[in-house]
Amino acid sequence: MTALALGLLTFAVVALAAHLTSALLAMRSVRTWLRPVKASALPPITLLRPVCGLDAFDAQTLASSFAQDYPQYEVIFCAARGDDAAVPLVRRLMAAHPGLNARLLIGDERLSRNPKLNNLAKGWLAARHAHVCMADSNLLLPSDYLHTVAAAWDDQTGLVTSPPAGIWPDGMAARLECAFLNGNQARIQLAADTLGLGFAQGKTLFWQRKLLDRAGGFAVLGRNMAEDVAATKVVRRLGLKVRLTPAPFCQPIGRRRLADVLARQVRWSVVRRDGFPAIFMLEPLNGAVLPTAALTACLLLTGLSPAWLLPWFALWYGAEVVLARVNGWPVAASDLVALPLRDLLIPAVWLVTLRRRGFEWRGTPMSQAAGAPGAGRLHD
């Protein structure tokens, strides 16, 4: 075997080992039990939910705010405009649950160029409790959601967060969305947390108000294009850890258009480039494309049969299928197309991002601006 062939084989094997290890670490995270917490020791929590327009599953996801098995909490819904399409739904849900302390606040604080933060600022100021949990409107909260985030807190924690897990996909584009969310993004984030390198995801951000106030207040979350990037940096500057819950919370996907899935991936990629440029430069190594190309070149150089690619793909994508089954995430035969397609798109999205300076979110232009408060996304 030539030195070139050996080098290609080594790269492919190391990449496969890293991929399998990340899946095992993510499965270990899912199987980690939270420490038991007595109800009397659970802190009162303000649950903040921003709304902007109506999505297909908002009736279910917003209604889950009222079904928390938690001793003391309030819910504050935030809308930027009184004529927002979600406002009538929120009012109906509040009327149907008069026993829960719930409010709807309307207004746009213009705290930053991040519309989600501008929407949430009034809720942050109005929160009655010292612990605040921000949860995107398209997240389906299990009844133990607040208990789970509270139980994940310890003395070294500055923030509790969780990636979303895509559920209820309808069609191939929706399966592709789940492939990005579950087998790729959630796997990496859960594995990083298991190694003590947790980072925030804006779907869930659970804070102690005093810690964010010590870092400069709510406005510091507007220093980057996305509040989760800024939150990660804030917590690390405080010398504390970003903690993840043992398993992600679910985001219903439903029907998706391929163009929307790709546009969303480009938006997230631009956000990552803005927040962590050094890590962003390594992103083409994510996924199976480059390792598979290296292995294929090695097989051609050595005259070995291309049939060796079959066990290679079985190991690579089999790990993701097992991870999905452990979590209860959707798995179907169509994922045999969705998973490789996702990996083919990862370097393509990265190349597009290199030329992209910003994007538009629901009519709001978002662009990178050094030294200024960043724009951000509401909920994707």
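What follows is a chat about the sheet, some helices and a few residues of a predicted model.

Reader: Before we start, what kind of model is this, and how are residues numbered?
Author: Residues are numbered from 1 along each chain as its sequence is written, and this is a predicted model in which local features need pLDDT of at least 70, side-chain atom pairs count only at pLDDT 80 or more, and totals for chains, interfaces and linings use all residues. Side-chain values use heavy atoms, with hydrogens and water left out.

Reader: OK, the sheet. What's the strand order?
Author: The order is E3-E2-E1-E4-E7-E5-E8, an open sheet of 7 strands with mixed pairing. Strands (E, at least two residues) and helices (H or I, at least four) are DSSP runs, numbered from the N terminus. Two strands pair if DSSP finds at least two bridges between them.

Reader: Which strands sit at the edges?
Author: Strand E3 (102-106) and strand E8 (241-244), each of which pairs on one side only. Neighbouring strands of this sheet are turned by 25° against each other on average, direction ignored. Axes here are lines fitted to C-alpha atoms, for helices over the stretch in contact, and angles run from 0 to 180 degrees between N-to-C directions.

Reader: How many bridges join E1 to E2, and which way do they run?
Author: There are 7 bridges between E1 and E2, and the two run parallel.

Reader: E2 and E4, then: buried or exposed?
Author: E2 is mostly covered, with 7 of its 7 residues buried. Buried means under 20% relative accessible area, exposed over 50%, and partly exposed in between (1.4 Å probe, protein chains only). Tyr73, Val75, Phe77 and Ala79 point one way from E2, while Glu74, Ile76 and Cys78 point the other way. E4 is mostly covered as well, with 5 of its 5 residues buried. His131, Cys133 and Ala135 are on one side of E4, and Val132 and Met134 are on the other.

Reader: Which strands does H4 lie across?
Author: Helix H4 (residues 115-126) lies across E1, E2, E3, strand E4 (131-135) and strand E7 (204-208), running at about 145° to E2. Helix H3 (residues 87-96) lies across strand E1 (45-51), E2 and E3, at about 160° to E3.

Reader: Switching to H8. Why is it described as largely enclosed?
Author: Because 8 of the 11 residues of helix H8 (residues 227-237) are buried, it is largely enclosed by the rest of the structure. The buried residues include Glu227 and Asp228, along with Val229, Ala230 and Ala231.

Reader: What covers them?
Author: The cover includes H4, strand E5 (157-161), E7, helix H7 (209-214), E8 and helix H9 (258-275). After H8 comes glycine 239, whose phi is positive, near 75°.

Reader: How do H6 and H13 cross?
Author: The axes of helix H6 (residues 172-194) and helix H13 (residues 335-355) come within 9 Å and cross at roughly 70°. The two are therefore roughly perpendicular to each other (angles under 35 degrees count as roughly parallel, over 145 as roughly antiparallel, 65 to 115 as roughly perpendicular and the rest as oblique).

Reader: Which residues meet there?
Author: Among them are Met172, Leu176 and Phe180 in H6, and Val337, Leu341 and Ile346 in H13. By class, the contact of H6 with H13 has 10 nonpolar, 2 polar and 3 charged residues. Ala, Val, Leu, Ile, Met, Phe, Trp, Tyr, Cys and Pro count as nonpolar, Asp, Glu, Lys and Arg as charged, and the others, Gly among them, as polar.

Reader: Last one: what does leucine 244 touch?
Author: Leaving aside neighbours within four places in sequence, leucine 244 is in contact (heavy atoms within 4.5 Å) with Thr161, Pro163, Gln189, Leu190, Asp193, Gly198 and Phe199. Leucine 244 is in strand E8 and is buried, with a relative accessible area of 8%.
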